[in-house]
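Open the model in your viewer and keep the sequence panel beside it. The tour goes from one selection to the next and says what is found at each stop.

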Amino acid sequence: MDPKNLNLIAAWPSQDILFCLAGSDDGSLLWLGSSDSGVYEFDISKEKPERKKLSGPGHSSYVTSMAKCGDKLVTGGYDKRLIWWDTTSREELRSINAHDKWIRRVIATPDQRHVISVADDMRCRVWDVESGNQIADFSDHAAITPHHYPSMLYAVAVSGDGTKIATGDRVGHVAVWDAAKFEKIAEVETPVLYTWDPKQRRHSIGGIRSLAFSNDGTRLAVGGIGKVGNIDHLGGPARLEVFDLQTGDRQLEIEDEKKKGLIEQIEWSAEGDWIMTVGGDHNGFITFYNASSGQLIHQDGHSGHIHGVWHDESFANIFVAAHQRVSHLSLQQKK
(Lines give C-alpha, C1' and ligand atoms only; values in the text may rest on other atoms or scores of the structure.)
Protein backbone atom coordinates (compact mmCIF):
# COMPACT_ATOMS: atom_id res chain seq x y z
CA MET A 1 0.00 0.00 0.00
CA ASP A 2 1.19 3.49 -0.90
CA PRO A 3 0.57 6.26 1.68
CA LYS A 4 0.14 8.70 -1.18
CA ASN A 5 -3.12 6.89 -1.99
CA LEU A 6 -4.70 7.92 1.33
CA ASN A 7 -8.35 8.75 0.73
CA LEU A 8 -11.43 9.37 2.85
CA ILE A 9 -14.15 6.73 2.48
CA ALA A 10 -16.70 7.95 5.00
CA ALA A 11 -17.11 10.05 8.15
CA TRP A 12 -19.71 9.86 10.89
CA PRO A 13 -20.11 12.92 13.14
CA SER A 14 -20.91 12.60 16.84
CA GLN A 15 -21.54 14.86 19.82
CA ASP A 16 -18.87 13.36 22.07
CA ILE A 17 -15.11 12.95 22.06
CA LEU A 18 -14.01 9.50 20.97
CA PHE A 19 -10.77 8.46 22.60
CA CYS A 20 -10.23 4.93 21.33
CA LEU A 21 -11.53 2.25 19.00
CA ALA A 22 -11.04 -1.35 17.90
CA GLY A 23 -12.30 -3.27 14.90
CA SER A 24 -13.57 -6.74 14.04
CA ASP A 25 -11.44 -9.03 11.90
CA ASP A 26 -13.54 -8.33 8.82
CA GLY A 27 -13.71 -4.59 9.50
CA SER A 28 -17.51 -4.50 9.58
CA LEU A 29 -17.81 -3.65 13.29
CA LEU A 30 -16.10 -1.02 15.40
CA TRP A 31 -16.09 -0.54 19.15
CA LEU A 32 -15.73 2.99 20.45
CA GLY A 33 -14.74 4.48 23.81
CA SER A 34 -16.33 7.83 24.60
CA SER A 35 -16.05 10.92 26.78
CA ASP A 36 -19.62 10.17 27.93
CA SER A 37 -18.23 7.03 29.72
CA GLY A 38 -19.94 4.70 27.25
CA VAL A 39 -18.54 1.80 25.22
CA TYR A 40 -20.33 1.37 21.92
CA GLU A 41 -20.66 -1.06 19.04
CA PHE A 42 -20.79 0.62 15.63
CA ASP A 43 -21.89 -1.53 12.68
CA ILE A 44 -20.45 0.22 9.65
CA SER A 45 -21.67 -2.48 7.26
CA LYS A 46 -25.11 -0.87 7.45
CA GLU A 47 -26.16 1.97 5.17
CA LYS A 48 -26.93 4.18 8.15
CA PRO A 49 -24.82 2.92 11.08
CA GLU A 50 -26.09 3.53 14.59
CA ARG A 51 -24.13 3.15 17.79
CA LYS A 52 -25.32 0.54 20.31
CA LYS A 53 -24.16 0.94 23.88
CA LEU A 54 -22.78 -2.16 25.54
CA SER A 55 -24.86 -3.07 28.59
CA GLY A 56 -23.74 -3.13 32.19
CA PRO A 57 -22.68 -0.70 34.93
CA GLY A 58 -19.72 0.27 32.76
CA HIS A 59 -17.31 3.11 33.34
CA SER A 60 -18.05 6.28 35.31
CA SER A 61 -15.65 8.55 33.42
CA TYR A 62 -13.77 8.90 30.12
CA VAL A 63 -13.07 5.60 28.35
CA THR A 64 -9.49 6.22 27.27
CA SER A 65 -8.31 2.95 25.73
CA MET A 66 -9.38 -0.53 24.66
CA ALA A 67 -7.99 -3.83 23.43
CA LYS A 68 -9.86 -6.58 21.59
CA CYS A 69 -8.95 -10.18 22.40
CA GLY A 70 -11.01 -12.69 20.43
CA ASP A 71 -14.64 -12.22 21.42
CA LYS A 72 -13.70 -10.09 24.42
CA LEU A 73 -13.06 -6.38 24.67
CA VAL A 74 -11.09 -4.88 27.57
CA THR A 75 -11.49 -1.16 28.23
CA GLY A 76 -9.77 1.21 30.63
CA GLY A 77 -10.72 4.67 31.80
CA TYR A 78 -10.24 7.61 34.10
CA ASP A 79 -12.28 5.73 36.72
CA LYS A 80 -9.15 3.54 37.22
CA ARG A 81 -11.07 0.43 36.18
CA LEU A 82 -10.56 -2.26 33.58
CA ILE A 83 -13.79 -3.73 32.24
CA TRP A 84 -14.21 -6.91 30.24
CA TRP A 85 -17.02 -7.08 27.66
CA ASP A 86 -18.50 -9.89 25.57
CA THR A 87 -18.63 -8.53 22.03
CA THR A 88 -21.26 -11.08 20.97
CA SER A 89 -23.81 -10.44 23.72
CA ARG A 90 -22.70 -6.79 24.19
CA GLU A 91 -22.66 -7.38 27.96
CA GLU A 92 -20.21 -6.53 30.70
CA LEU A 93 -18.38 -9.60 32.00
CA ARG A 94 -15.98 -8.31 34.64
CA SER A 95 -14.87 -5.05 36.24
CA ILE A 96 -11.79 -4.61 38.41
CA ASN A 97 -10.06 -1.78 40.26
CA ALA A 98 -6.89 -2.01 38.19
CA HIS A 99 -4.91 1.13 39.09
CA ASP A 100 -4.78 3.88 41.69
CA LYS A 101 -4.96 6.72 39.16
CA TRP A 102 -6.24 7.36 35.63
CA ILE A 103 -5.66 4.56 33.13
CA ARG A 104 -4.04 5.95 30.01
CA ARG A 105 -3.54 2.96 27.70
CA VAL A 106 -4.61 -0.68 27.35
CA ILE A 107 -3.11 -2.98 24.72
CA ALA A 108 -3.27 -6.70 23.91
CA THR A 109 -0.29 -8.98 23.52
CA PRO A 110 0.06 -10.51 20.03
CA ASP A 111 -1.32 -13.87 21.19
CA GLN A 112 -4.27 -12.04 22.82
CA ARG A 113 -3.82 -14.02 26.04
CA HIS A 114 -2.89 -10.94 28.06
CA VAL A 115 -3.65 -7.24 28.19
CA ILE A 116 -1.21 -4.60 29.41
CA SER A 117 -2.30 -1.37 31.11
CA VAL A 118 -0.48 1.78 32.20
CA ALA A 119 -1.79 4.55 34.41
CA ASP A 120 -0.84 7.72 36.25
CA ASP A 121 0.10 5.68 39.31
CA MET A 122 3.20 5.06 37.12
CA ARG A 123 2.62 1.29 37.09
CA CYS A 124 2.55 -1.08 34.14
CA ARG A 125 0.40 -4.15 34.84
CA VAL A 126 -0.23 -7.31 32.86
CA TRP A 127 -3.54 -9.16 33.11
CA ASP A 128 -4.76 -12.60 32.06
CA VAL A 129 -7.63 -12.14 29.61
CA GLU A 130 -9.54 -15.28 30.59
CA SER A 131 -9.34 -15.04 34.38
CA GLY A 132 -8.76 -11.32 34.89
CA ASN A 133 -5.89 -12.14 37.25
CA GLN A 134 -2.90 -9.83 37.48
CA ILE A 135 0.23 -11.44 36.05
CA ALA A 136 2.80 -8.71 36.65
CA ASP A 137 3.26 -5.22 38.11
CA PHE A 138 6.39 -3.16 37.38
CA SER A 139 7.68 0.36 36.81
CA ASP A 140 10.81 2.39 36.13
CA HIS A 141 9.04 5.77 36.17
CA ALA A 142 9.25 8.43 38.87
CA ALA A 143 5.94 9.55 40.37
CA ILE A 144 7.13 13.17 40.61
CA THR A 145 8.65 15.27 37.82
CA PRO A 146 12.00 17.07 38.29
CA HIS A 147 9.91 20.19 38.97
CA HIS A 148 8.07 18.52 41.86
CA TYR A 149 4.70 17.91 40.22
CA PRO A 150 2.89 14.59 39.63
CA SER A 151 4.06 12.75 36.53
CA MET A 152 1.95 10.63 34.18
CA LEU A 153 2.53 7.31 32.41
CA TYR A 154 0.87 7.77 29.04
CA ALA A 155 2.21 5.12 26.70
CA VAL A 156 2.86 1.40 26.35
CA ALA A 157 3.69 -0.87 23.40
CA VAL A 158 4.50 -4.53 22.86
CA SER A 159 6.71 -5.95 20.12
CA GLY A 160 5.20 -8.05 17.34
CA ASP A 161 6.77 -11.24 18.66
CA GLY A 162 5.56 -10.48 22.18
CA THR A 163 9.05 -10.52 23.72
CA LYS A 164 9.43 -6.82 24.60
CA ILE A 165 7.29 -4.16 26.27
CA ALA A 166 8.03 -0.43 26.24
CA THR A 167 6.61 2.20 28.60
CA GLY A 168 6.92 5.98 28.32
CA ASP A 169 6.16 8.83 30.74
CA ARG A 170 5.55 12.57 30.95
CA VAL A 171 9.18 13.65 31.31
CA GLY A 172 10.40 11.65 28.30
CA HIS A 173 11.76 8.48 29.91
CA VAL A 174 11.26 5.18 28.05
CA ALA A 175 11.90 1.79 29.65
CA VAL A 176 12.07 -1.40 27.59
CA TRP A 177 11.20 -4.67 29.33
CA ASP A 178 11.67 -8.38 28.82
CA ALA A 179 8.05 -9.50 28.48
CA ALA A 180 8.70 -12.91 30.02
CA LYS A 181 10.71 -11.88 33.08
CA PHE A 182 9.38 -8.28 33.35
CA GLU A 183 12.93 -7.03 33.85
CA LYS A 184 14.24 -3.81 32.30
CA ILE A 185 16.56 -4.51 29.38
CA ALA A 186 17.02 -1.03 27.87
CA GLU A 187 16.06 2.62 28.20
CA VAL A 188 16.04 5.74 26.05
CA GLU A 189 15.47 9.40 26.87
CA THR A 190 13.42 11.95 24.90
CA PRO A 191 13.59 15.12 27.04
CA VAL A 192 12.46 17.43 24.22
CA LEU A 193 8.99 15.90 24.51
CA TYR A 194 8.60 17.59 27.92
CA THR A 195 8.07 21.36 28.28
CA TRP A 196 8.21 23.13 31.64
CA ASP A 197 7.08 26.75 32.03
CA PRO A 198 8.87 28.13 35.12
CA LYS A 199 7.41 31.63 34.96
CA GLN A 200 3.83 32.21 33.86
CA ARG A 201 2.13 28.92 34.72
CA ARG A 202 4.64 26.85 36.71
CA HIS A 203 3.23 23.89 34.86
CA SER A 204 4.33 21.36 32.23
CA ILE A 205 2.95 19.87 29.04
CA GLY A 206 3.88 17.14 26.62
CA GLY A 207 5.28 13.76 27.50
CA ILE A 208 5.56 10.53 25.56
CA ARG A 209 2.07 9.98 24.18
CA SER A 210 2.77 7.04 21.85
CA LEU A 211 5.20 4.17 21.36
CA ALA A 212 5.51 1.53 18.64
CA PHE A 213 8.01 -1.20 17.86
CA SER A 214 8.95 -1.86 14.26
CA ASN A 215 7.57 -5.20 13.10
CA ASP A 216 10.99 -6.85 13.40
CA GLY A 217 11.38 -5.47 16.94
CA THR A 218 14.71 -3.76 16.27
CA ARG A 219 13.49 -0.16 16.37
CA LEU A 220 11.23 1.85 18.64
CA ALA A 221 9.28 4.93 17.58
CA VAL A 222 8.40 7.52 20.24
CA GLY A 223 5.80 10.24 19.66
CA GLY A 224 4.61 13.40 21.37
CA ILE A 225 4.99 17.14 20.99
CA GLY A 226 8.14 19.30 20.78
CA LYS A 227 8.84 22.39 22.85
CA VAL A 228 5.70 24.45 23.44
CA GLY A 229 5.70 28.23 23.77
CA ASN A 230 2.29 28.61 25.41
CA ILE A 231 1.63 25.55 27.54
CA ASP A 232 -2.10 26.34 27.71
CA HIS A 233 -2.30 25.23 24.07
CA LEU A 234 -0.90 22.42 21.94
CA GLY A 235 1.03 24.88 19.81
CA GLY A 236 4.24 22.92 19.54
CA PRO A 237 5.44 20.78 16.63
CA ALA A 238 4.37 17.16 16.40
CA ARG A 239 7.56 15.27 17.23
CA LEU A 240 8.69 11.74 16.30
CA GLU A 241 11.90 10.04 17.39
CA VAL A 242 13.07 6.58 16.30
CA PHE A 243 15.70 4.54 18.17
CA ASP A 244 17.83 1.52 17.36
CA LEU A 245 17.20 -0.73 20.35
CA GLN A 246 20.44 -2.66 20.04
CA THR A 247 22.69 0.40 20.15
CA GLY A 248 20.35 2.89 21.78
CA ASP A 249 21.14 5.38 19.04
CA ARG A 250 18.52 7.90 17.93
CA GLN A 251 18.09 7.23 14.19
CA LEU A 252 15.42 9.82 13.43
CA GLU A 253 14.38 13.11 15.01
CA ILE A 254 11.44 14.72 13.19
CA GLU A 255 9.47 17.86 14.03
CA ASP A 256 6.43 19.03 12.07
CA GLU A 257 5.74 22.75 12.28
CA LYS A 258 2.91 22.52 9.74
CA LYS A 259 0.63 20.06 11.53
CA LYS A 260 1.19 20.78 15.19
CA GLY A 261 0.12 18.95 18.32
CA LEU A 262 0.48 15.58 20.00
CA ILE A 263 1.29 12.35 18.19
CA GLU A 264 -1.30 10.14 19.86
CA GLN A 265 -0.59 6.87 18.04
CA ILE A 266 2.11 5.40 15.78
CA GLU A 267 1.77 2.52 13.31
CA TRP A 268 4.52 0.88 11.24
CA SER A 269 3.96 -0.62 7.80
CA ALA A 270 4.34 -4.41 7.63
CA GLU A 271 7.60 -4.05 5.70
CA GLY A 272 8.92 -1.40 8.08
CA ASP A 273 9.52 1.10 5.28
CA TRP A 274 7.14 3.81 6.51
CA ILE A 275 5.56 5.05 9.72
CA MET A 276 2.06 6.48 10.15
CA THR A 277 1.38 8.97 12.93
CA VAL A 278 -1.97 10.44 14.02
CA GLY A 279 -2.87 13.14 16.53
CA GLY A 280 -3.44 16.87 16.55
CA ASP A 281 -4.11 20.04 18.47
CA HIS A 282 -7.65 21.39 17.98
CA ASN A 283 -7.65 19.73 14.55
CA GLY A 284 -6.09 16.45 13.58
CA PHE A 285 -3.45 15.07 11.25
CA ILE A 286 -2.48 11.81 9.57
CA THR A 287 1.17 11.81 8.54
CA PHE A 288 3.41 9.24 6.85
CA TYR A 289 7.21 9.26 7.05
CA ASN A 290 9.90 7.21 5.37
CA ALA A 291 11.19 5.03 8.21
CA SER A 292 14.81 5.19 7.03
CA SER A 293 15.26 8.81 6.00
CA GLY A 294 12.45 10.49 7.95
CA GLN A 295 11.30 12.18 4.76
CA LEU A 296 7.65 13.19 4.63
CA ILE A 297 5.74 10.89 2.26
CA HIS A 298 2.20 12.20 2.66
CA GLN A 299 0.09 14.21 5.08
CA ASP A 300 -3.59 15.03 5.45
CA GLY A 301 -5.48 17.15 7.93
CA HIS A 302 -8.55 15.95 9.78
CA SER A 303 -11.55 17.70 11.30
CA GLY A 304 -11.07 17.12 15.01
CA HIS A 305 -8.10 16.00 17.10
CA ILE A 306 -7.42 12.29 16.44
CA HIS A 307 -7.06 10.24 19.62
CA GLY A 308 -6.87 6.69 18.28
CA VAL A 309 -6.56 4.61 15.12
CA TRP A 310 -7.32 1.02 14.12
CA HIS A 311 -6.45 -0.56 10.78
CA ASP A 312 -6.49 -3.93 9.08
CA GLU A 313 -3.23 -5.67 8.21
CA SER A 314 -2.99 -4.18 4.73
CA PHE A 315 -4.10 -0.63 5.66
CA ALA A 316 -6.92 -1.00 3.13
CA ASN A 317 -9.21 0.08 5.98
CA ILE A 318 -8.11 2.70 8.51
CA PHE A 319 -10.51 4.03 11.13
CA VAL A 320 -9.81 6.98 13.43
CA ALA A 321 -11.52 8.06 16.63
CA ALA A 322 -11.51 11.81 17.00
CA HIS A 323 -13.15 14.80 18.60
CA GLN A 324 -16.81 14.46 17.52
CA ARG A 325 -16.07 12.15 14.61
CA VAL A 326 -15.27 8.63 13.38
CA SER A 327 -13.60 8.50 9.97
CA HIS A 328 -12.94 5.65 7.55
CA LEU A 329 -9.88 6.03 5.33
CA SER A 330 -7.93 3.74 3.03
CA LEU A 331 -4.55 3.39 1.34
CA GLN A 332 -6.15 1.34 -1.40
CA GLN A 333 -5.96 3.14 -4.72
CA LYS A 334 -9.29 4.41 -5.97
CA LYS A 335 -10.62 2.54 -8.98
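Select Ser 14 and show what surrounds it. Leaving aside neighbours within four places in sequence, Ser 14 is in contact with Arg 51, Gln 324 and Arg 325; contact means heavy atoms within 4.5 Å. Its side chain reaches the backbone nitrogen of Arg 325 at 3.4 Å, a polar contact (a pair of N or O atoms within 3.5 Å; within protein, one must be able to donate a hydrogen and the other to accept it, and residues adjacent in sequence count only if both atoms are side-chain atoms). Ser 14 counts as buried because its relative accessibility is 14%; buried means under 20% relative accessible area, exposed over 50%, and partly exposed in between, with a 1.4 Å probe and protein chains only.

Before moving on, note that this is a predicted model: local features need pLDDT of at least 70, side-chain atom pairs count only at pLDDT 80 or more, and totals for chains, interfaces and linings use all residues. Residues are numbered from 1 along each chain as its sequence is written, and side-chain values use heavy atoms, with hydrogens and water left out.

**The six-stranded sheet**

Now widen the selection to residues 7-23, which are strand β1, where Ser 14 lies. Strands (E, at least two residues) are DSSP runs, numbered from the N terminus. β1 belongs to an open sheet of six strands in the order β4-β3-β2-β1-β28-β27, with antiparallel pairing; two strands pair if DSSP finds at least two bridges between them. At the edges are β4 (51-53) and β27 (306-311), each pairing on one side only. On average, neighbouring strands of this sheet are turned by 35° against each other, direction ignored; the axes behind this angle are lines fitted to C-alpha atoms.

Most residues other than glycine have a negative phi. Gln 324 counts as partly exposed, because its relative accessibility is 35%.

Next, go to Ser 330, also placed in β28. Is Ser 330 buried or exposed? Ser 330 counts as buried, at 4% relative accessibility. Its side chain reaches the backbone nitrogen of Gln 332 at 2.9 Å. Beyond neighbours within four places in sequence, Ser 330 is in contact with Asn 5, Leu 6, Asn 7, Ile 9, Phe 315 and Ala 316.

**A loop residue**

Select Gln 112, in the loop between β9 (103-108) and β10 (114-119). Gln 112 has a phi near 60°, a positive value in a residue other than glycine. At 37% relative accessibility, Gln 112 counts as partly exposed.

**The four-stranded sheet**

Move to the open sheet of four strands in the order β13-β14-β15-β16, where the pairing is antiparallel. Its edge strands are β13 (153-158) and β16 (184-189), each pairing on one side only. Neighbouring strands here are turned by 20° against each other on average, direction ignored.

Work across the sheet from β13:

- β13 and strand β14 (residues 164-169) run antiparallel and are joined by five bridges; Val 156 stands opposite Thr 167 in β14.
- β14 and β15 pair in the antiparallel sense over five bridges, with Gly 168 opposite Val 174 in β15. They form a hairpin with three residues between them, and Gly 172 in the turn has a positive phi of about 95°.
- β15 and β16 also pair in the antiparallel sense over five bridges, and Ala 175 has Glu 187 as its bridge partner in β16. This hairpin has five residues between the strands, and Phe 182 in the turn has a positive phi of about 60°.

**The largest pocket**

Finish at the largest pocket, which has a volume of about 1,500 Å³. Of the 47 residues that line it, the closest to its centre are Ala 108, Gln 265, Glu 267, Trp 310 and His 311. On a 1 Å grid over the protein atoms alone, a pocket is an open set of points where a 1.4 Å probe fits, with protein on both sides within 12 Å along at least five of seven lines; lining residues have an atom within 4 Å of a point. The volume is the space filled by probe spheres set on the points.

Which strands each supply at least two residues of the lining? They are β1, β5 (63-69), β9, β13, β19 (210-213), β23 (262-268) and β27.

Definitions and conventions. Axes are lines fitted to C-alpha atoms, for helices over the stretch in contact, and angles run from 0 to 180 degrees between N-to-C directions.
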